[in-house]
Amino acid sequence: MEEVRTQIKDFLNKCEELKSCKFIMAPTKIRDLLKSIVNSRELYDLFMSVSTGFDYLSAKSHCLVDLSDGFSNRGTVVLPRTAQEKLAFIFCLLVEIDRDALNFNWFLQKYFSEDGSFYSSYYLFCKTIIDPLEDIIRGVFVKELDSEREGVSAPSQPEVQGVSPKSQEGAPSAELSGMLSAIWLLIAQEKQYILESAIPDDDKETGYKMLTEIYKALKDKNFDAANSLVNGYNYYILYNNTISPNVQMLFESIEGYEGAA
């Protein structure tokens, strides 16, 4: 219990450091925050649980609202309604920023524009994105955190609005956790590419299902199944001429993950 409490407090401290730093240091602090997730079995399991099956690209189309009026290129962020979806969306967003798949300066100016300064934009980003993340995690682990003040042992499996930490035997290494998270995001991008392609709907569904099964096999460390599915998907994209700009990175990331596992 003490180890769990220490890990949650470390995560919350990383949130505070992110909120109090200068915006130019934000990418470094975001990386530190993500490391605190993958270094904790409870946090890692929680974020993987809420992210599995979450359609991040679809969520982005609803959460990142364009307010352009022809004179200014502005937008706003509307977080998902449930705590589970909020956690999944914020986690995926931070991973995307960390991978430089999303230009952070542009993102601040586009969706958090206040008076035109990065200072104000960054403050609004932290208030909109990091504060809810911190609040939800405090709620999920409220008993662990309260037990330190009260001096009592906290029951396991706290829940907040349907979100609960999920324990599994053996904590994944930080390296493997980070690699799997990156693969998950690449697979989400690949799914979107397939869905936006001009191939028939039945073929789109086939590709979507193959990508889903690839991730499941990797998560379960069933590498024989993963390799068979990757080979099949490689043939699929060649046959349908749906070779995305990121598919080679996806294949290399999968190969690197298998080699490191």
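Visitor: Which helix is Y215 found in?
Guide: Y215 belongs to the run of residues 201-219. Helices here are DSSP runs (H or I, at least four residues; strands are E, at least two), numbered from the N terminus. By that count, Y215 is in helix 10.

Visitor: What kind of model is this?
Guide: Residues are numbered from 1 along each chain as its sequence is written, and side-chain values use heavy atoms, leaving out hydrogens and water. Local features need pLDDT of at least 70 and side-chain atom pairs count only at pLDDT 80 or more, while totals for chains, interfaces and linings use all residues, since the model is predicted.

Visitor: Is Y215 buried or exposed?
Guide: The cut-offs are under 20% relative accessible area for buried, over 50% for exposed and in between for partly exposed (1.4 Å probe, protein chains only). Y215 has a relative accessible area of 6%, so it counts as buried.

Visitor: Which residues is Y215 in contact with, leaving aside neighbours within four places in sequence?
Guide: Contact means heavy atoms within 4.5 Å. With those sequence neighbours set aside, Y215 is in contact with M48, T52, L180, W184 and I187.

Visitor: How many Å apart in space are Y215 and I254?
Guide: In sequence, Y215 and I254 are 39 residues apart. Going C-alpha to C-alpha, the two are separated in space by 9.4 Å.

Visitor: What is the span of helix 11, first C-alpha to last?
Guide: Helix 11 covers residues 223-240, 18 residues in total.

Visitor: Within what arc do the buried residues of helix 11 fall?
Guide: The buried residues of helix 11 are A226, V230, Y233, Y236, I237 and N240. Seen down the axis they line one face of helix 11, because the arc (from the directions of the helix axis to the C-beta atoms) is 120°.

Visitor: Which exposed residues sit on the face of helix 11 turned away from its buried side?
Guide: An α-helix has 3.6 residues a turn, so residues three or four places apart point the same way. On helix 11, the face turned away from the buried side carries D224, S228, N231, Y235, L238 and Y239.

Visitor: How are the rings of Y56 and F89 arranged: stacked, edge-to-face or tilted?
Guide: A search of the whole structure turns up 15 aromatic pairs, where rings of Phe, Tyr and Trp (its six-membered ring) pair if their centres lie within 6.5 Å, with planes under 30 degrees apart stacked, over 60 edge-to-face and the rest tilted. For Y56 and F89 the centres are 5.8 Å apart and the planes are at 50°, so the pair is tilted. The pair joins helix 4 (residues 56-63) to helix 5 (residues 83-98), 33 residues apart. At 50°, then, the label for Y56 and F89 is tilted.

Visitor: And what are the relative accessible areas of Y56 and F89?
Guide: Y56 counts as buried because its relative accessibility is 1%. F89 is buried as well, with a value of 0%.

Visitor: What about F104 and F125: how is that pair arranged?
Guide: F104 in helix 6 (residues 104-111) and F125 in helix 7 are 21 residues apart. Both F104 and F125 are buried. Their ring centres lie 5.3 Å apart with planes at 80°, so the pair is edge-to-face.

Visitor: Which residues form one aromatic cluster with F104 and F125?
Guide: The cluster holds F104 and F125 themselves. Alongside them come W106, F107, Y111, F112 and Y122.

Visitor: Which ring does the charged end of K191 sit over?
Guide: A charge sits over a ring if NZ of Lys or CZ of Arg is within 6 Å of the ring centre and within 35 degrees of the ring normal. K110 lies over the face of Y111, at 5.7 Å from the ring centre. K191 is 4.4 Å from the centre of its ring, that of Y208.

Definitions and conventions: The expected span of a helix is 1.5 Å times one less than its number of residues.
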